[in-house]
Amino acid sequence: MHSYRIAGLTVSSEIPLPGARVADAAPMPDVVMRKTDVPQKLDHITASMPAWETDGQRFLMRAPGIGRFLLTGGRDVGFQAEAGADVSDCAIYLLGTVFGILLHQRGQIALHASAVAVGGKAILFCGRSGLGKSTLAAALCRRGYPLISDDICAIAFNAEGYPRVSADSRQLKLASDAIDALGLERYKGGAVRRGMEKYYVEPPLCADAADLPVVGVYVLRRGAEPRAAGPEETSVAEALRLLQRNAYRPGIVKRTGQIPRYFEAAAAIASKAKVFRLVPGHDLARLPETIALLERHWLENGLLQSTK
Amino acid sequence: MDPTVQRKGDWLSAMVGDELVMMSAESGNYVTVSRVGSRIWELIERPKTLDELCGQLVREFDVTPEACRADVQRFLDEMTTNGAVALSQAAGD
């Protein structure tokens with residue numbers, strides 16, 4: 001069995017999970033992932049879509065060409081690969097969508113976001129795939145801001161209602177041109193998938209705390225170039241709408257009756273953190289400009305000391 | 001005529017700072033409501049007549065009955081437009 005720490009949880013997996021942070025084996029891991037026979041369907045379904053169904057207790061996911069995954073209690077994952085499927089495709093699925101559902105089953109909030117630490121506090125970047133969350137997080141990490149998480153942010157609330165994101169420290173997944181532009185060649189690992197242009201990249205710097213308080217969320221928006229004015233403030237209603245839209249797998253959140261939970265969580269996040277819109281621009285060459293805008297923003301908001 | 005004011009539709013609500021944010025479970029629309037508005041929303045968790053509502057608010061907030069009624073009417077108009085509130089005439093007044 002392979003041992004990892006993922007989204008703040010100890011995980012024991014029967015197959016290797018490339019990119020995940022390796023950890024010492026835990027005597028009683030939070031999550032166990034095993035190869036097993038997985039049924040084609042569940043009885044007494046409470047919600048479903050073509051790719052998944054749930055009976056309220058268990059969650060069955062079907063990934064065509066990859067396999068089937070059965071999730072129970074946010075703790076046990078059984079998976080059965082399709083004949084001829086690449087086991088590394090199962091691994092990618094386990095680290096992504098499957099883990100998002102596990103977090104739901106554990107009553108946590110999962111956002112589609114990357115996060116870095118600024119002055120010991122968490123700054124999140126949300127947005128649709130392809131807008132540059134990971135590249136921006138990688139660029140900031142290169143600049144000295146420890147990486148907290150990439151792609152999925154597990155959020156839990158402490159006794160006082162403050163949102164905290166778990167440090168995940170999984171490897172980044174970056175395109176070759178981003179790796180070159182950021183000077184991350186020596187951190188470059190294997191290809192994520194055969195034939196895809198993304199590679200695993202070891203983060204130069206990882207946050208060492210188990211979790212950090214969320215103080216700012218930037219929602220990335222499409223735009224050719226960064227706005228000179230920098231990040232834009234959002235109204236309270238818009239902040240909630242943006243946060244909810246950036247839940248991990250919002251369709252699943254909606255169809256499994258989790259909207260009230262996510263609404264409350266979004267309100268709690270918006271109460272304790274600031275939510276902004278940010279246009280990072282398409283061009284890798286504009287990244288330093290975006291970073292400068294962010295650092296100015298952080299200085300103005302007291303997150304950075306002026307000596308940095 | 002003293003209409004009855006009651007909530008309508010399926011709304012989630014939560015405080016963010018001083019404001020109450022509401023989201024319609026049906027339409028996904030958001031409405032932001034001020035402190036007074038959020039107290040009105042709270043009070044109409046069980047239907048109340050307009051007189052009862054204004055009477056309560058005048059006791060809680062430092063405002064004349066006339067100003068209160070005008071504010072409440074304005075709030076109710078907006079909430080009716082958003083589909084969050086329904087006003088009905090009590091039968092056999």
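Predicted model: local features only at pLDDT ≥ 70, side-chain atom pairs only at ≥ 80, totals over all residues.
How many nonpolar, polar and charged residues are in the lining of the second largest pocket?

Residues count from 1 along each chain as its sequence is written, chains are lettered from A and ligands numbered from 1 in the order written, and side-chain values use heavy atoms, leaving out hydrogens and water.

**View 1. The largest pocket holds about 950 Å³ of space.** On a 1 Å grid over the protein atoms alone, a pocket is an open set of points where a 1.4 Å probe fits, with protein on both sides within 12 Å along at least five of seven lines. Its volume is the space filled by probe spheres set on the points, which are joined across faces, edges and corners.

**View 2. Here's the lining of the largest pocket, 42 residues in total.** Lining residues have an atom within 4 Å of a point. Ser129(A), Gly130(A), Ser134(A), Lys173(A) and Lys198(A) lie nearest the centre. H1(A) gives the most, with five residues; helices are DSSP runs (H or I, at least four residues) numbered from the N terminus.

**View 3. The second largest pocket has about 400 Å³ of space.** Its lining has 18 residues, with Gln244(A), Lys254(A), Ile259(A), Met23(B) and Gly28(B) nearest the centre. H5(A) gives the most, with four residues. And the opening question? The lining has 10 nonpolar, four polar and four charged residues. Ala, Val, Leu, Ile, Met, Phe, Trp, Tyr, Cys and Pro count as nonpolar, Asp, Glu, Lys and Arg as charged, and the others, Gly among them, as polar.

Technical notes:
Helix = DSSP H or I, 4+ residues; strand = E, 2+ residues; numbered from the N terminus.
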